Amino acid sequence: MLLCAALLRLAKLLLVLRLIEVLQNITENALKYGDGDAIELVGEKWESAFSFKVTNTGCNLDEREVVHIFDSFFRGTNVEGKEGSGLGLFICRKLVGMMEGEIYAQIVEWKGKKALKVTVILPYS
């Protein structure tokens, strides 16, 4: 019984660590590829899921590239002069999938500017 309780605590800790990695990566991308004017992190809780959305102004990503930002090694046309491997959001998609969640991105108008909004939805019980 003690071993089961310890394994359950370890599993919960690993989920939290995965979630932190996802949130950290999305936020770092917002800082790196946005214009630095505004970044917003919003969390919502529903009956059986929660979400967080990271939105940043100054999105220079082409509309046609948004569907590819979670692809392995993909780097958009807005990366000139910025270091990276194109794996960060791919890893986020994999981690969110392991948690049986969803992740998607969209270009939106926010604060009078073109912005990128990345949304993560995760179930919980």
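L10 lies in helix α1 of this predicted model. With a relative accessible area of 44%, L10 is partly exposed. L10 also belongs to a nonpolar patch on the surface, which includes L3, L7, L13, L14, V16, L17 and I20 as well. Together, the residues of this patch have about 750 Å² of accessible area. In general, residues three or four places apart on an α-helix point the same way, because the helix has 3.6 residues a turn.

Beyond its neighbours within four places in sequence, I103 is in contact with I26, F70, C92, R93, V96, V118, T119 and V120.

Two of these contact partners, C92 and V96, are among the buried residues of α2, together with L89, F90 and L95. The buried residues of α2 pack against α1, β3 and β4. After α2 comes E100, which has a positive phi near 60 degrees.

The count of aromatic pairs comes to one. This pair is formed by F50 and Y124; it is tilted, with 6.2 Å centre to centre and 45 degrees between the planes. F50 lies in strand β2 and Y124 in the segment after β4, so the pair ties together parts that are 74 residues apart in sequence.

Side chains of opposite charge can pair when their charged atoms come close. The count of salt bridges comes to five. In one of them, D37 is joined to K113, with the closest N and O atoms 3.2 Å apart. This pair links distant parts of the chain, since D37 is in the loop between α1 and β1 (39–45) and K113 is in strand β4, 76 residues apart. D37 is partly exposed at 48% relative accessibility, and K113 is partly exposed with a relative accessible area of 30%. D35 is linked with D37 and K113 in a network of salt bridges.

Another salt bridge joins E44 and K53, whose closest N and O atoms are 3.3 Å apart. E44 is partly exposed at 32%, as is K53 at 23%. In the salt bridge between D62 and R64, the corresponding distance is 3.0 Å. Here D62 is partly exposed, with a relative accessible area of 26%, whereas R64 is exposed at 65%.

Note on methods:
Residues numbered from 1 in each chain as written. Predicted model: local features only at pLDDT ≥ 70, side-chain atom pairs only at ≥ 80, totals over all residues. Heavy atoms only, no water. Contact = heavy atoms within 4.5 Å. Buried < 20%, exposed > 50% of the residue type's maximum accessible area, 1.4 Å probe, protein only. Helix = DSSP H or I, 4+ residues; strand = E, 2+ residues; numbered from the N terminus. Patch = residues over 30% accessible without salt bridge, like charges linked within 9 Å, V, L, I, M, F, W, Y side chains within 5 Å. Areas by Shrake-Rupley, 256 points an atom, 1.4 Å probe, with all protein chains shown as cover. Salt bridge = Lys/Arg side-chain N within 4 Å of Asp/Glu carboxyl O. Phe/Tyr/Trp six-rings, centres within 6.5 Å; stacked < 30°, edge-to-face > 60°.
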